[in-house]
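Please look at the structure before reading on.

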Amino acid sequence: MRPNAKRTTLADIAQAAGVSVATVSKVVNGRGDVAPHTRTRVQELLNRHEYLAPMSRHTEAAENPTIEVQFKGGLKAYVAETLEGIIDSAAELGASVVVSKASSAPHRARDLVSAGRRAVIAVTSVYTAAHLDELARSGLPLVVLDPLHLPDSRVNSVGATNFAGGLAATRHLLSLGHRRVAYLGGPADAVCNQARMHGYRAAMEAEGTPVPDAYVRPGDFTYDSGLLGAAALLDLEQPPTAVFAGNDEIAVGVVEAARARGLRVPEELSVVGFDDTSVARMASPPLTTVRQPLREMGGTALRIALRLANGGKAESHHIELATELVVRASTAPPREGAPAPG
């Protein structure tokens, strides 16, 4: 290579070969998961351009950064759709993604750095002060997607307009004529749950409709929580004619609890979910729900993580993407003659 000549990069080779930067990196590092004809084409271009391999893993990572994505609990529809957004954006931007379960051990940050990770994206995971301190010492930026708790000032986060979503869901039920509307939510201290519940209360208050204490029930973002919570609501002396659920899984649990009691949805009980995952679209009946742009949220988190990994700054400490009400078949006007709440 001539003195002062611009060094050929992985991106240059990838563009010339018509493949991703990740594929070129695999060839350079002798990985076996590349098709033979692709490997031959990439290797010929590497030779032709006199490509110089980086001297260290960290130099290579600057060209083909690897982001650790951690999630807590099971790989549910919500997590799967956010991961899809992260992975699609990573492929588009020439980054690599490693997906793992969140660890309770703060010292794992050092292992991530040793493995060449450049940043961490946490999907709804809760990070303690010890975790944050260790990440800071290790120089690993952290982006939390849909945080369950108010993030530390050191943490960048991506979420959705949960209050507006709760407001829209409840207004929809009120516009149909429902006045006995209950909220069946997730953990009481979860930020997203609080915002959805406050949106619900704001809509009910604006309509001048009382909310009995028994109509607001926290729980978990699970199907079983929907079953148990709906059973308690439907056993009330004056049960609700509509339920706004904190997520789609809870909503499906509500539908099943109603079915078990011989109640038809939506003729005898209207149900609204939150997220608009595949669960909502495959439910019977298909759920009216509040759409969170989960894939877009994942892509936004990935782009922020890459910017931070390259020494840049996020445009905002916390970014919220807009929610949207999606009306399907699980909501309808209440039955005539249903008594109003006392």
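Which side-chain oxygen reaches to the backbone nitrogen of Glu249 at the start of helix 11? The oxygen belongs to Asn247 and comes within 3.4 Å of that nitrogen. The model is predicted, and the mean pLDDT of the protein chain is 87.

**Helix 11**
- Helix 11 spans residues 248-260 and has 13 residues.
- From first C-alpha to last, helix 11 reaches 18 Å, close to the 18 Å expected.
- Its buried residues are Asp248, Glu249, Ile250, Ala251, Gly253, Val254, Val255, Ala257 and Ala258.
- These buried residues pack against several elements, including helix 10 (223-234), strand 6 (181-184) and strand 8 (242-245).
- Gly262, which follows helix 11, has a positive phi near 80 degrees.

**Aromatic rings**
- The whole structure holds 3 aromatic pairs.
- One of them is the tilted pair of Tyr183 and Phe244, with 5.2 Å between centres and 50 degrees between planes.
- Tyr183 is in strand 6 and Phe244 in strand 8, so their pair ties together parts 61 residues apart in sequence.
- Tyr183 and Phe244 are both buried.
- Ring pairs join Tyr183, Tyr200, Phe244 and Phe274 in a cluster.
- Over the face of Phe274 lies Arg196, at 3.9 Å from the ring centre.

**Confidence**
- In the protein chain, 88% of residues reach a pLDDT of 70 or more.
- Residues 1-5 stay under 50, with 4 contacts beyond four places in sequence.
- Residues 54-62 are also below 50, and this stretch has 13 contacts beyond near neighbours in sequence.
- Where pLDDT is low, predicted coordinates should not be read in detail.

Key:
Residues numbered from 1 in each chain as written. Heavy atoms only, no water. Helix = DSSP H or I, 4+ residues; strand = E, 2+ residues; numbered from the N terminus. Expected span 1.5 Å × (residues − 1). Buried < 20%, exposed > 50% of the residue type's maximum accessible area, 1.4 Å probe, protein only. Contact = heavy atoms within 4.5 Å. Polar contact = N/O pair within 3.5 Å; in protein donor to acceptor, adjacent residues only side chain to side chain. pLDDT = per-residue confidence, 0-100. Phe/Tyr/Trp six-rings, centres within 6.5 Å; stacked < 30°, edge-to-face > 60°. Lys NZ or Arg CZ within 6 Å of the ring centre and 35° of its normal.
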